[in-house]
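Trainee: Please take a close look at one chain of this structure, and describe how it is built and how it meets its neighbour.

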Amino acid sequence: MRTEAARSTSSREPDGPAIETRGLVKVFGDNRAVDGIDLRVPAGTLYGVLGPNGAGKTTAVKMLATLLRPDGGEARVFGHDVVREADAVRTRVSLTGQYASVDEDLTGTENLVLLARLLGHSKPAARKRAGLLLESFGLTDAAGRQVKQYSGGMRRRIDIAASILNTPDLLFLDEPTTGLDPRSRNQVWDIVRAVVAQGTTVLLTTQYLDEADQLAGRIAVIDHGRVIAEGTPGQLKSSVGAGSVHLRLRDAGQREEARRVLSQTLAAQVQPESDPVALTARVQGGGTERGAAEQAALALAELSRSGITVDHFSLGQPSLDEVFLALTDRPAHDEQPENGRAGHGSPLNTPSQKGRSRNGQAAEEATP
Amino acid sequence: MSASPASAPTPAARAAVPRPARSGRDGLSAVLAAGQRPARPGALAVSMTFGWRAMLKIKHVPEQLFDVTAFPIMMTLMFTYLFGGALAGSTTEYLQFLLPGIMVMSVVMTTMYTGVSVNTDIEKGVFDRFRTLPIWRPAPMVGYLLGDAFRYTMASVVILAVGLVLGFRPAGGVFGVLAGIALLVAFSFAFSWLWTMFGLLLRTEKSVMGVSMMVLFPLTFLSNILVEPRTMPGWLQAFVDVNPVTHLVAAVRGLMQGEWIGHEISWTLISGAVLIGVFGTLTMRLYNRK
């Protein structure tokens with residue numbers, strides 16, 4: 001894991017956990033958005049919170065960032081209670097989410113100068129810091145443009161820049177890459193890694209397993225306001241299977257046979273897809289990508305020995321859907337937006353199909 | 001650049017950090033490492049910074065000045081020529097009575113845009129960022145109101161200019177007129193807390209607009225702005241008498257005509273203080289709990 005290295009070079013000494021919650025609850029009407037969450041996030045690490053829309057991720061983050069009052073349980077950030085010592089919490093955290101953004105009418109520079117001034121920088125110091133941040137985020141050319149004219153990726157970068165004007169001890173990133181193209185997403189990932197490398201604790205929520213896997217040292221999987229699994233990405237994947245193999249056969253008539261062969265060699269559930277020649281199977285692989293690749297190769301050889309022609313084959317990480325299937329025996333749900341105000345959620349977007357090869361190392365394609 | 005104490009918040013910390021690379025991760029790391037925290041700014045400083053934001057928004061979206069320029073001109077012309085002949089015999093005559101009142105009406109009606117701004121900021125997602133900052137809690141609200149105070153002043157000046165062109169001749173002179181405008185802007189600042197509350201309370205911009213009409217029409221029309229309340233039925237006079245807008249108009253009218261009507265000015269200031277006390281408190285409760 002990349003973050004292992006980041007953790008060891010952390011410049012700040014951890015002073016107890018960055019976040020500790022016990023039985024955290026938030027209820028909107030009769031919807032228990034957060035239904036008893038226990039979390040412990042060590043300082044100096046990147047902690048991933050994985051779940052579909054409506055799982056309670058945003059609500060939990062809002063409570064931790066002092067924007068919402070919990071209805072039950074307690075939460076401490078660096079030892080400070082988020083309700084009773086909200087002000088102490090605010091001096092140490094920063095938040096980026098679609099609901100905690102920047103002013104669209106103002107330019108990039110104006111937004112950053114405004115926030116720097118609010119944090120107590122003098123006018124020249126605020127200008128200087130805004131300029132440096134814009135430069136290192138590749139936004140110098142857009143500095144004088146109104147943020148409403150920014151592209152999605154630029155917008156997300158200026159949002160993050162606005163959150164690190166004073167390098168925070170804890171940064172909340174609520175779905176920082178949802179809706180971004182792969183290139184913009186990689187830029188955001190680089191920024192996140194740089195932030196963690198400086199010793200900032202990051203709590204990142206995401207709908208993508210591969211994002212959590214790439215960035216996080218530990219992951220909590222949330223569903224219906226509860227933590228349903230917690231551990232390192234390796235532990236999580238070994239419980240779910242390290243990969244997922246997708247096959248397209250030449251002949252739809254051979255699908256049943258292929259299914260039988262695969263379930264024998266992979267010892268896993270094989271699912272026919274709506275396309276009559278396509279199949280998806282989970283690959284355990286001992287929880288490692290390499291193990292998964294080896295197992296998948298064996299399975300392919302077995303198929304070819306049985307005289308089944310495979311037109312297309314790909315191996316990717318299990319999608320969030322598959323993680324949920326494995327953990328809960330039902331697919332990820334996609335319910336109402338997380339709270340009362342106008343819905344800002346985006347539809348559940350599992351990267352299993354179109355995003356499979358988004359990160360080079362996780363996808364291998366072959367056409368035997 | 002490493003040793004320029006004047007421009008860096010913490011020169012010592014800065015000096016140790018090399019000039020960041022052009023961009024990318026190394027540059028970012030240097031910027032992050034230099035992210036030293038300055039001292040926490042005071043209540044006045046952050047309020048003024050939010051006021052500066054309001055001015056920037058006016059600079060970028062100058063259309064929003066329409067309601068403090070075109071709208072007041074329209075109101076002044078409309079009511080002067082609509083009622084002038086019928087009520088006072090001549091439009092110039094009526095203008096001496098009407099102008100301070102129409103100024104109050106236009107500005108008080110403009111206050112509701114404060115609620116719209118608050119609501120838009122919540123909707124657009126800039127609001128929650130302000131709420132997570134370690135700053136004096138009412139500062140964002142005070143910032144809106146400071147920007148709006150500028151708008152109120154602008155509307156007053158526009159109406160005054162139209163009035164002077166049409167023949168308004170205030171006996172109170174420059175000082176009386178300025179004092180009248182100052183009192184009006186001060187009252188409107190206090191009254192706007194009603195709208196910050198509604199901006200936080202209501203879900204959409206449209207509902208803020210809807211509620212504002214329900215509040216503003218009775219408050220401005222059921223007053224002494226357009227006519228003397230003498231001929232109104234008793235129950236209506238009772239409402240007009242307790243309406244703070246009536247006292248504000250009487251005070252402003254007096255000031256512009258060169259009379260300091262002490263009890264009207266006092267009532268206006270007291271009602272302003274009560275408005276801030278009640279709606280300011282409710283606003284901050286909503287702001288903190290939302």
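Mentor: Of the contacts within chain B that link residues at least 6 apart in sequence, 75% join residues at least 24 apart; two residues are in contact if their C-beta atoms, placed from the backbone, lie within 7 Å. The model is predicted, so that local features need pLDDT of at least 70 and side-chain atom pairs count only at pLDDT 80 or more, whereas totals for chains, interfaces and linings use all residues. Residues are numbered from 1 along each chain as its sequence is written, while chains are lettered from A and ligands numbered from 1 in the order in which they are written.

Chain B has 14 helices and zero strands. Helices (H or I, at least four residues) and strands (E, at least two) are DSSP runs, numbered from the N terminus. Along the principal axes, the C-alpha atoms of chain B fill a box of roughly 80 × 40 × 35 Å. Of its 290 residues, 43% count as buried, where buried requires 20 or more other C-beta atoms within 10 Å of the residue's own, exposed 12 or fewer, and partly exposed lies in between, with C-beta atoms placed from the backbone.

Two helix pairs show the packing within chain B. Two packed helices are described by the angle between their axes and the distance between the axes. Here axes are lines fitted to C-alpha atoms, for helices over the stretch in contact, and angles run from 0 to 180 degrees between N-to-C directions.

In chain B, helix α3 (43-60) and helix α8 (residues 139-166) have axes that come within 7 Å and cross at roughly 50 degrees. α3(B) and α8(B) are therefore oblique to each other; angles under 35 degrees count as roughly parallel, over 145 as roughly antiparallel, 65 to 115 as roughly perpendicular and the rest as oblique. Their crossing is right-handed, meaning that the near helix is turned clockwise from the far one by less than a right angle, with anticlockwise giving left-handed. Among the residues that meet are B:Phe50, B:Met55 and B:Ile58 of α3(B), with B:Tyr144, B:Leu146 and B:Phe150 of α8(B). By class, this contact comprises 12 nonpolar, four polar and one charged residues. Ala, Val, Leu, Ile, Met, Phe, Trp, Tyr, Cys and Pro count as nonpolar, Asp, Glu, Lys and Arg as charged, and the others, Gly among them, as polar.

Helix α4 (residues 70-88) and helix α5 (residues 91-110) of chain B pack at about 140 degrees, with their axes 9 Å apart. These two helices, α4(B) and α5(B), are therefore also oblique to each other, and α4(B) passes α5(B) in a right-handed crossing. The meeting residues include B:Phe71, B:Phe79 and B:Phe83 in α4(B), and B:Tyr94, B:Phe97 and B:Met105 in α5(B). The classes in this contact are 14 nonpolar, six polar and one charged.

I turn now to the neighbour. In the interface, 39 residues of chain B are in contact with 47 residues of chain A. On the side of chain B that touches chain A, α2 (24-33), α3 (43-60), α6 (112-124) and α7 (127-131) each supply at least two residues. The most is given by α2(B), with eight residues. That side of chain B divides into 17 nonpolar, 10 polar and 12 charged residues.

Chain A, for its part, contains an open sheet of four strands in the order β2-β1-β4-β5, with antiparallel pairing; two strands pair if DSSP finds at least two bridges between them. Strands β2 and β5 (80-81) of chain A stand at the edges with a single partner strand each, so one side of each is left without a neighbour in the sheet. Helix α2 (residues 57-64) of chain A packs on this sheet and touches β1, β2 and β4 of chain A.
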